[in-house]
Amino acid sequence: MNKELMEALDMLEKEKNISKDTLLESIENSLLTACKNHFGKADNVKVNINPVTGDFSVYAEKEVSETVEDDLLQISLAEAKMIDPKYDLGDIVQIPIKSKEFGRIATQNAKNVILQKIREEERKVLYNEYYNMEKDVVTGIVQRYLGKNISINLGRVDAILNETEQVKGEVFKPTERIKLYILEVKDTPKGPRISVSRTHPDLVKRLFESEVAEVKDGTVEIRAIAREAGSRTKIAVSSNDENVDPVGACVGINGARVNSIVNELRGEKIDIINWDDNPAYLIENALSPAKVICVVADEDEKEAQVIVPDYQLSLAIGKEGQNARLAARLTGYKIDIKSETQARELGLFEELGLEGQVENEESYGEEAYEDYQSDNEDNYQEEYQE
């Protein structure tokens, strides 16, 4: 039996990642429970288990007394002498207990103790495993729709993708594999409860970390990210190595790296810009692909005044204000965008002290705009414009 016991423990340790020592401890506790159920108490009962062979012994420690008042805790001198003549009053005698004598109820209770311990340890192992993956990206398999929520299998546990964490318009089929961001892992009596998301901005960040080696090793750093899930994301990147172009590293050859992330996000557009410690330059980059005449940023108030050519106003603002909105989130500045004509009518050039420093209006005519487009034909952003 001992051989079979150790084989079973080895199998449980391998399959459920539960320590063999923990399982042996649960067996020890189960035997103590059985003794308590059988005899009414087990305070003086000891269990020894050999962790190598699986051999175990159960015995009760009884004190040699002249008068026996509790036969569960005491033994008479005569009985002790029959076991070994060397025993004397006050000595402790170890009396073997045969587990085969336990009743059916005691045995069933012992079994329940072992099973309960296994379930507790399994929940603990699963919780610790997925808790360490919190704020990270995992691959899950779509199982079924639970109303408007989706049940996702993560391997050893199931997670719930709530309606609020789903990208509007995304529809999944059963058995489909998708990337998910683990929001939170909670420990419950029924096992870990895992909340996942497809809309969190850090999903994009983690995807870049897994796809771009320079981001993973810290050479390229993602400094800020703004996302409207399912539509567009803007990320600002910088390089800790002057020989590495952060934008080029994230885009990859022929856009291979960023395209794989776009495909994973079901066509969500991604704008990658250079981070700049100067807020004016950062805001100008953030409003890309729109061309900017000038940016005046107030670092104390976190506000910025931006002037763009007339024909670039709609591009700078974006569809339903999306481009300007994402730029504001990315930079942390409240951005007020005015066309060149509006700025002149309001006297902003004079107010900002820019009159005479800005090129005349013709320099931003259609001819210049065509040149701008031509110069940026191969730019990665052109692939993701509306």
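Which backbone oxygen does the side chain of serine 239 reach at 2.6 Å?

Analyst: The side chain of serine 239 reaches the backbone oxygen of aspartate 241 at that distance, 2.6 Å. It also reaches the backbone oxygen of valine 244, at 3.0 Å.

Before we go on, here is how to read the numbers. This is a predicted model, in which local features need pLDDT of at least 70 and side-chain atom pairs count only at pLDDT 80 or more, while totals for chains, interfaces and linings use all residues. Residues are numbered from 1 along each chain as its sequence is written, and side-chain values use heavy atoms, with hydrogens and water left out.

Now back to our serine. Serine 239 sits in strand β11, which covers residues 232-239; helices (H or I, at least four residues) and strands (E, at least two) are DSSP runs numbered from the N terminus. Serine 239 counts as partly exposed because its relative accessible area is 26%; with a 1.4 Å probe and protein chains only, buried means under 20%, exposed means over 50%, and partly exposed lies in between. Setting aside neighbours within four places in sequence, serine 239 is in contact with Thr219, Val220, Val244 and Pro246, a contact being heavy atoms within 4.5 Å. Valine 215 is 24 residues away from serine 239 in sequence, and their C-alpha atoms are 9.1 Å apart in space.

A salt bridge is a side-chain nitrogen of Lys or Arg within 4 Å of a carboxyl oxygen of Asp or Glu. Aspartate 271 is buried because its relative accessible area is 0%, and arginine 232 is buried too, at 4%. Elsewhere, salt bridges that share partners join Glu170, Arg198 and Glu264 into one network.

Another pair to find is arginine 227 and glutamate 268, whose side chains meet in a salt bridge at 2.9 Å, N to O.

For a contrast, look at glutamate 163 and lysine 148, which form a salt bridge with their closest N and O atoms 4.0 Å apart. Glutamate 163 is in the loop between β7 (158-161) and β8 (177-188), and lysine 148 is in the loop between β5 (137-146) and β6 (149-153). Glutamate 163 is partly exposed because its relative accessibility is 43%, whereas lysine 148 is exposed, at 58%. Altogether the structure holds 15 salt bridges.

Next, the nonpolar side. A nonpolar core is a set of buried Ala, Val, Leu, Ile, Met, Phe, Trp, Tyr and Cys residues joined through side-chain atoms within 4.5 Å. The largest one has 24 residues, and Ile283, Val306 and Ile337 touch the most other members. Among the elements that give it two or more residues are β10 (220-228), α9 (279-286) and β14 (303-308). Another core, of 22 residues, lies apart from it and includes Tyr181, Cys250, Val251 and Ile261.

Tyr181 also has a place in the strand pairing. In β8, tyrosine 181 stands opposite valine 137, and its bridge partner in β9 is serine 197. β8 and β9 form a hairpin with two residues between them.

Finally, Cys250 is buried because its relative accessible area is 0%, and cysteine 294 is buried at 12%. If a disulfide is a pair of cysteine sulfur atoms within 2.5 Å, the count here is zero.

Notes: A polar contact is a pair of N or O atoms within 3.5 Å; within protein, one must be able to donate a hydrogen and the other to accept it, and residues adjacent in sequence count only if both atoms are side-chain atoms. Two strands pair if DSSP finds at least two bridges between them.
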